[in-house]
Amino acid sequence: MKFEKWLNQLDKFTTSFSRSLEWVGVIGLLLMFLVNFIDVVGAKLFVWPLPGSVEIISFSQIMAIAPAIAFTLILGRHIRVEFIIDRFPKRIRAAISSISSFFSLVLFVLIFWQSYLYGESLQKAGEIGSTSHLPFYPFAYLIALCSIPVCLVFLKEVLKSLAEALNHGSS
C-alpha cells in the first residue's frame with residue numbers, strides 16, 4: 001500500500017513538474033512564430049530580414065520540443081507498438097514493459113548527463129551564436145532539465161511494471 005501511495009506521489013510531482021515546463025514550450029513556440037513573422041515581413045516589405053533569425057528559431061525549437069517530451073509521455077501521445085505485445089499474457093506484457101521502460105530510463109539518464117556536461121563545456125568555452133550572439137549553454141541545460149521528468153516517468157513505469165509482473169507471478 002505504501003508503494004502505491006509513493007508511486008501516486010511521484011506521478012503527481014512528475015505531472016506538476018512537466019506542466020510547469022510545458023509553459024516554456026509554449027513560449028518557445030510563440031517565439032518561433034514571432035521571429036519568423038518579423039523576419040518574413042521585414043524581408044518582404046522593408047528589404048531587411050531579422051539578423052540571427054535562423055539561430056533564434058533553432059533555439060526556439062529546442063525551447064518548444066524539449067519541455068513537451070515528458071508531458072506528451074504522461075498523456076500517452078508517444079508512439080508505442082503494442083499490437084503484438086497485447087497478445088501476450090499479462091505477466092509477459094508487464095516484463096516486456098519494464099524492460100522497455102528501463103532502457104528508456106537509461107537513455108534519458110544519459111541524455112540528461114551528456115546535455116549537462118555539454119552545457120558546462122559550452123559555458124566554459126563561451127560559445128555564442130554567430131549572428132544572434134546568444135549563448136548556447138542555456139539550451140543544453142534546458143534539455144538536461146527537461147530530461148528529469150522524463151526519467152521520473154520512466155522510473156515510475158519500470159517500478160509499476162515490475163510490481164505488476166511480480167504480483168501476477170505470485171497469484
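Is Leu110 buried, partly exposed or exposed, and what is its relative accessible area? Leu110 is partly exposed, with a relative accessible area of 41%, where buried means under 20% relative accessible area, exposed over 50% and partly exposed in between, calculated with a 1.4 Å probe and protein chains only. The views below show a predicted model, in which local features need pLDDT of at least 70 and side-chain atom pairs count only at pLDDT 80 or more, while totals for chains, interfaces and linings use all residues. Residues are numbered from 1 along each chain as its sequence is written, and side-chain values use heavy atoms, with hydrogens and water left out.

**View 1. A nonpolar surface patch that includes Leu110.** Leu110 is found in helix α4; helices here are DSSP runs (H or I, at least four residues), numbered from the N terminus. Together with Ile99, Phe102, Phe103, Val106, Phe112, Trp113, Tyr116, Leu117, Leu145 and Ile148, Leu110 makes a nonpolar surface patch of about 980 Å². Such patches are made of residues with over 30% relative accessible area and no salt bridge, with like charges joined within 9 Å and nonpolar side chains (Val, Leu, Ile, Met, Phe, Trp, Tyr) joined within 5 Å, and the accessible areas come from the Shrake-Rupley method with a 1.4 Å probe, for which only the protein chains shown count as cover for residues. Helices α4 and α5 each supply at least two residues of the patch, and the largest share, nine residues, comes from α4.

View 2. A pair of aromatic rings is described by the distance of the centres and the angle of the planes. Rings of Phe, Tyr and Trp (its six-membered ring) pair if their centres lie within 6.5 Å, and planes under 30 degrees apart count as stacked, over 60 as edge-to-face and the rest as tilted. In one of them, the ring centres of Phe102 and Phe103 are 5.9 Å apart and the planes stand at 55 degrees, so the pair is tilted. Phe102 is partly exposed at a relative accessible area of 42%, whereas Phe103 counts as exposed at 55%. The rings of Tyr116 and Tyr141 have their centres 5.5 Å apart and their planes at 40 degrees, so this pair is tilted. It links distant parts of the chain, since Tyr116 belongs to helix α4 and Tyr141 to helix α5, 25 residues apart. Tyr116 counts as partly exposed at 38% relative accessibility, and Tyr141 counts as partly exposed at 21%. Elsewhere, ring pairs link Phe59, Phe136 and Phe139 into a cluster.

**View 3. The salt bridge between Asp11 and Lys156.** The structure holds one salt bridge, a term that stands for a side-chain nitrogen of Lys or Arg within 4 Å of a carboxyl oxygen of Asp or Glu. In the bridge between Asp11 and Lys156, the closest N and O atoms are 3.4 Å apart. Asp11 lies in helix α1 and Lys156 in helix α5, so the pair ties together parts that are 145 residues apart in sequence. Asp11 is partly exposed, with a relative accessible area of 29%, while Lys156 is buried, with a value of 18%.

**View 4. Ser18 and its contacts.** Ser18 has its place in helix α1, which runs over residues 2-45, and counts as buried at 0% relative accessibility. When residues up to four places away in sequence are not counted, Ser18 touches Ala70, Phe71, Ile74 and Pro149, contact meaning heavy atoms within 4.5 Å.

**View 5. Helix α2 and its buried residues.** Helix α2 (residues 53-65) has 13 residues and reaches 18 Å from its first C-alpha to its last, close to the 18 Å expected at 1.5 Å a residue; the expected span is 1.5 Å times one less than the number of residues. Its buried residues are Ser53, Glu55, Ile56, Ile57, Phe59, Ser60, Met63 and Ala64.

View 6. Val47 is exposed, with a relative accessible area of 71%. His133 is exposed, with a relative accessible area of 53%.
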